[in-house]
Amino acid sequence: MSAAPIPRSRLAAAFCAVLAVCAGLIAGAPVTTNDLFWHVTTGAHLLDVGSFPTTDVLSYTAVDQPWFLHEWLTQVIFHGIHVLGGLPLLRIFTGLFAVALHVQFYRFARRQLSSPLAATLCLVAFSILVLCRLQTRPTLFSIAFFLGLVSWFARAHGPWRFKD
């Protein structure tokens, strides 16, 4: 006798539970980036001043040096989240965002590969590769944008498979 297949609802519940645990682990991990509060403070400064400063006003060693804020939007977002809930909410946001990245990657891999096992193995490889980047940093948005762009190209041009 063969075992009965597991219902899809149970698989979905197990998948959600694994994602929730991953989000909790990421949210509860120590902050290892040394510029998180610089990003938050820069976001606060942008909102207080209402314009982009042309010189650095926050650093000790580069005061009055030219300042190019290429990460300004994420700095404003991080400041807003920090105002709402402080560091705990920033960490929860990071955990949930990381889970969303993994879901986005798995959906992409599943569309490209014929085997769920192959897609899962790709997801594990993706997890290992991005593990050090899953911090409260603008990099989160860069990874999401890149995945979205690759997914868009794949949908526009079809699956990327080698031809025999």
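## Basis of the description

Helices are DSSP runs of H or I with at least four residues, numbered from the N terminus. The model is a predicted one, in which local features need pLDDT of at least 70 and side-chain atom pairs count only at pLDDT 80 or more, whereas totals for chains, interfaces and linings use all residues. Residues are numbered from 1 along each chain as its sequence is written, and side-chain values use heavy atoms, with hydrogens and water left out.

## Ser-151 in helix α5

Ser-151 lies in helix α5 and counts as buried because its relative accessible area is 9%, the limit for this class being under 20% with a 1.4 Å probe and protein chains only. When neighbours within four places in sequence are set aside, Ser-151 is in contact (heavy atoms within 4.5 Å) with Phe-108 and Arg-111.

## Packing of α3 with α4

Helix α3, residues 72-112, packs against helix α4, residues 116-130, at an angle of about 145° with the axes 9 Å apart; the axes are lines fitted to C-alpha atoms over the stretch in contact, and angles run from 0 to 180 degrees between N-to-C directions. The contact involves residues including Leu-101, Phe-105 and Arg-110 of α3, and Ala-119, Leu-123 and Phe-126 of α4.

## The salt bridge

The whole structure holds 1 salt bridge, a term that requires a side-chain nitrogen of Lys or Arg within 4 Å of a carboxyl oxygen of Asp or Glu. Asp-35 and Arg-137 form a salt bridge through their side chains, at 2.6 Å from N to O. Asp-35 sits in the loop between α1 and α2, and Arg-137 in the loop between α4 and α5, 102 residues apart.

Terms used
Helices (H or I, at least four residues) and strands (E, at least two) are DSSP runs, numbered from the N terminus. Buried means under 20% relative accessible area, exposed over 50%, partly exposed in between (1.4 Å probe, protein chains only).
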